[in-house]
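The sequence and structure are shown first.

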Amino acid sequence: MRIKISTEILGKQPSEDVSDKLLDTINAMWMHFDTVPEKGSLIEVDMFSFLFRFTMENKTYKYDGKDLDIILTYRLTEEVL
């Protein structure tokens, strides 16, 4: 079985670099701890002298009998200088 993890960001869209680092953080959790964040969790992305805080609003699992897709939906809740 193939497991694919992807993210969706609601509301204000960050730069592609920030979005990529968010996904890198989630992938690191998966690779090292075999887990993905839970609904309501907060992820902080430190980049370009800014801190971007994302809050997970939803987690969706889709299984087609062969592969599992995990879609994590976040909202950018805060940018700190």
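Which residue takes a positive phi in the hairpin of β2 and β3? Phenylalanine 48 does, with a phi near 55°, and the hairpin has two residues between its strands.

## Basis of the description

The model is predicted: local features need pLDDT of at least 70, side-chain atom pairs count only at pLDDT 80 or more, and totals for chains, interfaces and linings use all residues. Residues are numbered from 1 along each chain as its sequence is written, and side-chain values use heavy atoms, with hydrogens and water left out.

## The sheet

Four strands form an open sheet in the order β1-β4-β3-β2, with mixed pairing. Strands are DSSP runs of E with at least two residues, helices are runs of H or I with at least four, and both are numbered from the N terminus. Two strands pair if DSSP finds at least two bridges between them. β1 (3–10) and β2 (42–47) each have a single partner strand and stand at the edges, so one side of each lacks a neighbour in the sheet.

β1 and β4 (residues 68–80) run parallel and are joined by eight bridges. Isoleucine 5 stands opposite isoleucine 70 in β4. β2 and β3 run antiparallel, with six bridges between them; aspartate 46 has leucine 51 in β3 as its bridge partner.

## Faces of β2

In a regular strand, side chains alternate between the two faces of the sheet. The covered face of β2 holds Ile43, Val45 and Met47, while Leu42, Glu44 and Asp46 make up the uncovered one.

## Helix α1

α1 (residues 16–33) has 18 residues and reaches 25 Å from its first C-alpha to its last. That is close to the 26 Å expected at 1.5 Å a residue, where the expected span is 1.5 Å times one less than the number of residues.

Val18, Ser19, Leu22 and Ile26 are the buried residues of α1. They cover an arc of only 110° around the axis, which puts them on the same side of α1; the arc is that of the directions from the helix axis to the C-beta atoms. Glu16, Asp24, Met31 and His32 are exposed on the other side. Buried means under 20% relative accessible area, exposed over 50%, and partly exposed in between (1.4 Å probe, protein chains only). The buried residues of α1 pack against β1, β2, β3 (50–63) and β4, contact meaning heavy atoms within 4.5 Å. Just after α1, aspartate 34 takes a positive phi of about 55°.
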